[in-house]
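Open the model in a viewer and keep the selection tool at hand. The stops below can be followed in order.

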Amino acid sequence: GVHLAYLRGGAFFGEMALLTSSPRVASVRAQGPLTVFELSREALSELAAAKPGVATVLADYTRDRLIRNLLATSELFRPLDPPRREALVELFTSQVHQAGETVLHEGDDPEGGLYVVLSGEVRVSKHEDGDELALAELGPGQVFGEISLIKSRPATATITALSKTVVLCLPREAFNAHVGQFPEVLAHVFRLAQEREASNLQLKEREVLAVDDDVLI
């Protein structure tokens with residue numbers, strides 16, 4: 001496992017699962033005798049309703065902690081030293097999508113960009129001969145949009161949020177302007193685009209074979 005942080009007196013934890021309604025993303029272990037105070041979801045909701053500033057502080061803290069975890073665990077950022085990780089993530093903007101909401105539509109030709117799942121989960125799918133073909137499900141730290149970005153073509157798949165999901169987006173313009181400073185990232189994105197295209201082709205071929213077998217039977 002990856003050690004994300006050491007927490008001392010006054011620090012709090014558990015806010016990410018609480019605010020994002022997602023499973024726990026890390027384990028917390030005591031390094032010695034420890035006293036903790038627990039605030040239930042109901043009590044916290046009442047407190048936030050009475051003092052809106054509490055919710056704002058928690059939301060900001062949660063986003064910062066999610067980003068720190070992402071920088072430590074995502075293959076996109078790990079090849080960089082800490083200062084360059086921070087510089088790269090500053091170029092991203094965040095988006096929040098509710099369960100069932102479409103993040104990207106297959107065939108769309110917007111400015112596009114490179115996307116990283118910060119929290120939640122998305123489904124990757126595409127249409128083939130009127131049928132929807134599920135390609136993958138992606139969780140925190142995983143990337144999408146790289147094929148369209150590298151190949152300069154419309155979105156090759158539809159991305160749908162499976163739960164409340166936060167994604168970071170590096171717009172195409174920012175990617176093109178700054179990628180020279182991060183050759184490791186360019187290499188990773190290029191390799192990922194090649195691997196994804198090959199994997200998608202294999203999935204499509206297996207789907208065609210399955211249909212043919214059904215016809216023969």
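Which residues of the largest nonpolar core touch the most other members? Select Leu-76, Phe-77, Leu-88 and Phe-92; these four hold that position in a core of 25 residues. This is a predicted model, and the tour stays with what can be selected in it.

**The largest core**

Helix H3 (52–73), helix H4 (82–89), strand E3 (113–119), strand E8 (165–171), H6 and helix H7 (183–216) each supply at least two residues. H3 gives the most, with four residues.

Now select Leu-88 and show what surrounds its side chain. Not counting residues up to four places away in sequence, Leu-88 touches Phe-77, Leu-80, Leu-170, Phe-182 and Val-185. Another core, of 15 residues, lies apart from the largest one. To find this other core, select Tyr-115, Val-122, Leu-133 and Leu-203, which are among its members.

Rolling a probe the size of a water molecule over the atoms shows where empty space is left. How many cavities of 30 Å³ or more are there? The count comes to two. Go to the second largest cavity, with a volume of about 40 Å³. Its lining is made of Leu-88, Leu-91, Leu-170, Ala-174, Phe-175, His-178, Val-179, Phe-182 and Val-185.

By class, eight of the lining residues are nonpolar, one is polar and none is charged.

**The whole chain**

Zoom out and switch to a cartoon view. The protein chain has seven helices and eight strands. Of its 217 residues, 33% count as buried. In a surface view, the chain exposes about 13,400 Å², and carbon and sulfur atoms supply 53% of that area. Among contacts with a separation of 6 or more, 72% are between residues 24 or more positions apart.

**Val-124**

Select Val-124 in strand E4 (residues 122–128). Is Val-124 buried or exposed? Val-124 counts as buried because its relative accessibility is 11%, under the 20% cut-off. Leaving aside neighbours within four places in sequence, Val-124 is in contact with Leu-133, Ala-134, Leu-135, Ala-136, Leu-138, Ala-157, Thr-158 and Ile-159. Then draw a C-alpha to C-alpha distance from Val-124 to Thr-160: the two are 36 residues apart in sequence and 6.7 Å apart in space.

**Arg-63**

Move to Arg-63, in helix H3. Its relative accessibility is 34%, so Arg-63 counts as partly exposed. Leaving aside neighbours within four places in sequence, Arg-63 is in contact with Ser-94 and Leu-168. Leu-118 is 55 residues from Arg-63 in sequence, with 8.7 Å between their C-alpha atoms.

**Glu-195**

Continue to helix H7 and select Glu-195. With a relative accessible area of 48%, Glu-195 is partly exposed.

**Ser-152**

The last stop is a loop. Where is Ser-152? Look between helix H5 (146–151) and strand E7 (158–161). Ser-152 is exposed, with a relative accessible area of 59%. Most residues other than glycine have a negative phi. Ser-152 is not a glycine, yet its phi is positive, at about 55 degrees.

Conventions: Residues are numbered from 1 along each chain as its sequence is written. This is a predicted model: local features need pLDDT of at least 70, side-chain atom pairs count only at pLDDT 80 or more; totals for chains, interfaces and linings use all residues. Side-chain values use heavy atoms; hydrogens and water are left out. On a 1 Å grid over the protein atoms alone, a cavity is a set of points where a 1.4 Å probe fits but cannot get out, and a pocket is an open set with protein on both sides within 12 Å along at least five of seven lines; lining residues have an atom within 4 Å of a point. Grid points are joined across faces, edges and corners, and a volume is the space filled by probe spheres set on the points. Ala, Val, Leu, Ile, Met, Phe, Trp, Tyr, Cys and Pro count as nonpolar, Asp, Glu, Lys and Arg as charged, and the others, Gly among them, as polar. A nonpolar core is a set of buried Ala, Val, Leu, Ile, Met, Phe, Trp, Tyr and Cys residues joined through side-chain atoms within 4.5 Å. Buried means under 20% relative accessible area, exposed over 50%, partly exposed in between (1.4 Å probe, protein chains only). Contact means heavy atoms within 4.5 Å. Accessible areas come from the Shrake-Rupley method with a 1.4 Å probe; for residues, only the protein chains shown count as cover.
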